[in-house]
Amino acid sequence: MATSDRSRAEYQRRVNRVVDYIQAHRAEDLSLDTLAAVAAFSPFHFHRVFKSMTGENLREFIQRTRLETAASHLVQRPRADILEIALENGFSSASAFARAFKERFGMSASAWRNGGATDARKARQADRKPGQVERNPCKAAACAPDQDASSSGTDARQDEEEIMNVTVKTLPSYHVAYVRNVGPYGPEGSVGEAWQRLVRWASARDLWTPDRICLSIAHDNPKVTEPAKCRLDAAIVIPQGFKADGDVNVTDIAGGKYAAGAWVGDARTIGSAWDQLFGKWLPESGYQPDHRPCFELYQGEFHDPKTNNFRCELCLPVRPL
């Protein structure tokens, strides 16, 4: 078996352990730390790893699994109390279960039990194309996003995958001044304002030079953390001796082994580039994420005002699988 196949198979085994654990412990508190430990991955990046292998966010997968199992039990155990089924599947109260169930299935649990499940199954069968089978919840090997032929934008992602050249390298530690933004990532957020503040501060101190090194450090996963609470630091490497002041903070970014993917594009497409790094390259690489933040590394004149494209390396901290 090729190294990439062995690596992906190991990712699948670890994530499938988590899928089995969730199913067997639905009534328990399924914390991130607990599930990451089951998979033997760092909690810092486990959300992205799980999404890359299953096609679903961890929180959404847990909620769906609990609701779908409860829906089956409502039909299979007609004499069981609805609250009993809700508690067995990890819901803390009847009201929490009722809200979640109606949002998922469009009816109450009692309506589902009293014929709604049969009606829903008939509707699915009527909508099904000839020869199409009903898809059951699946594990990592079958649900990985890169195997989903129905996804939109496939050609664009394939083009991006072809141009991203990923190398594993040892990066130095960086002493940086940074401006922190809290809010949505991407063009719709206020990240640009943080960069403008950093540029003004660095220019006034003769640090915004043609050979400058800048970092964009994301502390949160926007598919997990509320967009309004996502933290991102716009940073520039500075000489030792510079102190924090009213405009910036100063910190050190740990060096070490990183997977660095070369990327060129605009702010709207960098998210899908990160998805490719986590979803395509990482599971076949023989590496796993290390417990350090990801960042984008920008060197020199990294922005082309004519095309509005940026040039950087996507830097993912890694250690051997």
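1. Helix H6 covers residues 94–105 of this predicted model. Its 12 residues, at 1.5 Å each, should span 16 Å, and the end C-alpha atoms are 16 Å apart, so expectation and model agree.

2. The buried residues of H6 are Ala96, Phe97, Ala100, Phe101 and Phe105. Viewed down the helix axis, these buried residues fall within an arc of 125 degrees and therefore line one face of H6. On the face turned away from that buried side, the exposed residues are Arg99, Lys102 and Glu103.

3. The end of H6 deserves a separate remark. Glycine 106 follows the helix and has a positive phi, near 75 degrees. Within H6, the charged end of arginine 104 sits over the ring of phenylalanine 105, at 4.6 Å from the ring centre; phenylalanine 105 is also among the buried residues of the helix.

4. Isoleucine 236 lies in strand S4, residues 231–237. With a relative accessible area of 0%, isoleucine 236 counts as buried because that value is under the 20% limit. Setting aside residues up to four places away in sequence, isoleucine 236 touches His175, Val176, Ala177, Leu198, Trp201, Ala202, Leu207, Trp208, Arg212, Ile213 and Cys214.

5. Isoleucine 236 may also be placed relative to glutamine 299: the two are 63 residues apart in sequence, and their C-alpha atoms are 9.8 Å apart in space.

Technical notes
Residues are numbered from 1 along each chain as its sequence is written. This is a predicted model: local features need pLDDT of at least 70, side-chain atom pairs count only at pLDDT 80 or more; totals for chains, interfaces and linings use all residues. Side-chain values use heavy atoms; hydrogens and water are left out. A charge sits over a ring if NZ of Lys or CZ of Arg is within 6 Å of the ring centre and within 35 degrees of the ring normal. Helices (H or I, at least four residues) and strands (E, at least two) are DSSP runs, numbered from the N terminus. The expected span of a helix is 1.5 Å times one less than its number of residues. Buried means under 20% relative accessible area, exposed over 50%, partly exposed in between (1.4 Å probe, protein chains only). The arc is that of the directions from the helix axis to the C-beta atoms. Contact means heavy atoms within 4.5 Å.
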